[in-house]
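Trainee: Could we go through this structure together, one question at a time?

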Amino acid sequence: MAKEVSNLEQFKDGVLGNNPVLVQLLGMCPTLAVTNSLENALVMGMAATFVVVMSNLITSTLRNLIKPHVRILIFTLTIATFVTIADLTLKAYIFEVSKKLGAFVPLIIVNCMIICRAEVVAIKKGVAKSLADAFGIGIGFTLALSILGVVREILGSGTLMNRQVLPDAFLDGHTWVIMVLPPGAFLTLGVVVGVVNHVRARGAKGGAA
Amino acid sequence: MSIGVLVGIFLSVALVNNLVLAGFLGICPFLGVSRKVDMAFGMGCAVTFVITISGVVTWLIVHAILTPIGNAIGNPGALYFLKYVAFIMVIASMVQLVEMYLKKFFPPLYTAFGVFLPLITTNCAILGACLYIDMKPETQNLLNAAVYAFGGGLGFMLAITIMAGIREHVRFSDVPKCLQGAGITLLVAGILALAFTGFTGIGK
C-alpha cells in the first residue's frame with residue numbers, strides 16, 4: 001500500500017512540484033516553438049508524453065542489462081525509435097498539425113527532459129514507479145505548454161482552439177501579432193516563470209509561518 | 001551555382017532565421033551557458049565546429065547511402081524512416097570523434113572547450129540544422145548544405161555571445177525577486193529576439 005502512495009506522489013511531483021518546464025527549465029525548445037496555438041501545444045504535449053512513457057518503460061524493463069558506459073547511447077536510440085513512431089503516426093492521422101510542428105517532432109529526440117527521466121528514474125527504479133514518473137512528467141509538460149498556448153493564442157490571434165473568443169473590436173487590426181512571433185514566446189515564458197516563482201515563494205513563506 | 005545564392009543562404013540562416021532567436025533551437029545552452037562572455041564564445045565555437053561537420057555528414061548519409069539503397073530497391077524513400085536514428089548516431093559519434101581528435105592534436109583547444117564538447121550531443125541546434133538541411137529545397141546540394149550549417153553555427157555563436165554580454169550587465173541591476181535567474185533571462189531573450197526580427201526582409 002505504501003508503494004502505491006509513493007507512485008502517486010512521484011506522479012504529482014512531475015506535474016506540479018517539479019514541473020519539467022516551469023521549475024526545472026528542461027525541454028525549452030518545443031515549449032517556445034510550438035506554443036503559438038493551443039492545438040499545437042496539446043499535440044506536442046501528447047507526442048512527448050508518449051515518447052517519455054515508452055522510453056521509461058523500455059529503459060526500466062532493461063535496466064539490469066544496460067551497461068553503464070553505453071547507457072546514454074541506448075537511451076538516445078530508444079527515444080529516437082519512439083519519436084520515429086510518433087512522427088509517422090502524426091503524419092498519417094493529423095497531417096495539418098504535423099506540418100505546423102515541422103522539425104519539432106523529430107527534435108523530441110534531443111529533448112533533455114526525456115533523457116533526464118531515463119537517467120534519473122528509469123535506470124534505477126522499477127517499472128511501476130518509472131511509468132508513474134513518466135506520466136507525471138508528460139502531463140506536467142503538456143500542462144505548461146497549454147498555459148503558454150492559451151495565453152499566446154488568445155492575445156496573438158484572438159482565438160482559442162481556432163474559435164474566436166475576443167470581441168471583433170480587438171480583432172480589427174489590434175491583435176498583438178508579436179505574441180505569435182518568436183519574441184512573444186520568450187516574453188510569455190519569462191512572465192509565467194516569474195509568476196510561478198512568486199507563487200512558490202509565497203507558498204513556502206506561508207508554510208513556514 | 002552563383003555566389004549570390006550562397007551569400008543569401010548564409011545571411012538567411014545566420015541573421016534572419018537565426019537558429020536560436022527565430023527558430024528556437026539550442027535554447028538550453030543559450031540559457032545555461034550564457035553567464036560569461038568567454039564561456040559563451042567557447043560554446044559557440046564548439047557548436048559551429050560540430051554543426052558544420054554533422055551537416056555535411058548527414059547530407060552524405062541521406063544522399064549517398066539511404067537514397068541510393070532505396071533506389072536499388074525501387075523506392076527512393078524506402079529507408080527514410082531510418083533518418084532520425086541515423087542522424088542522432090552521426091551527431092553523437094561526430095562529437096566523440098571531434099573530442100578525441102582535439103585531445104590528441106590540439107590539447108589547448110580541448111581544455112578550452114572542456115565540458116561543452118560532450119554536452120553538444122543534446123544541443124538541438126545541431127540536429128535541428130541537419131533536419132532543416134534535409135527538408136529545405138535550396139540545400140539539396142553539398143556546398144549549399146555546408147554553407148547553411150556553417151552559417152547556422154555562426155548565428156548561434158552570435159546570439160549566445162550577445163546574450164552573455166547583456167547578462168554580465170544584468171547581474172548588477174536590481175531585478176524583482178521572482179524574476180531573478182530564468183525569468184529575467186527569458187525576458188532579455190525576448191527583447192533580443194525582437195531586435196532580430198528587424199532583419200526580416202534581408203535575403204529571403
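Predicted model: local features only at pLDDT ≥ 70, side-chain atom pairs only at ≥ 80, totals over all residues.

Trainee: What is the radius of gyration of chain B?
Mentor: The radius is taken over C-alpha atoms, and the globule rule is 2.2 Å times the number of residues to the power 0.38. For 204 residues that rule gives 17 Å, and chain B is close to it, so chain B is as compact as a globular protein of that length, with a radius of gyration of 18 Å.

Trainee: How does the secondary structure of chain A read along the sequence?
Mentor: Chain A comes to nine helices and two strands. In sequence order, the pattern of chain A is α-α-α-α-α-α-α-β-β-α-α.

Trainee: What radius of gyration does chain A have?
Mentor: The C-alpha atoms of chain A fill a box of roughly 60 × 55 × 30 Å, taken along the principal axes. A compact globule of 209 residues would have a radius near 17 Å, and the value for chain A agrees with this, which means that the figure to remember is 19 Å.

Trainee: How much area do chain B and chain A bury between them?
Mentor: The size of an interface is often given as the accessible area lost when the parts come together. Here that loss is computed with a 1.4 Å probe and summed over both parts. The contact, meaning heavy atoms within 4.5 Å, takes 36 residues from chain B and 35 residues from chain A. Of the area buried, 86% is on carbon and sulfur atoms, and the total is about 2900 Å².

Trainee: Which residues in chain B lose the most area to chain A?
Mentor: Residues are numbered from 1 along each chain as its sequence is written, while chains are lettered from A and ligands numbered from 1 in the order in which they are written. Local features need pLDDT of at least 70 and side-chain atom pairs pLDDT 80 or more, whereas totals for chains, interfaces and linings use all residues, and side-chain values use heavy atoms, with hydrogens and water left out. Together making up 25% of what the chain B side buries, the residues are B:F24, B:Y84 and B:L186.

Key. Helix = DSSP H or I, 4+ residues; strand = E, 2+ residues; numbered from the N terminus. Buried area = accessible area lost by both parts, 1.4 Å probe.
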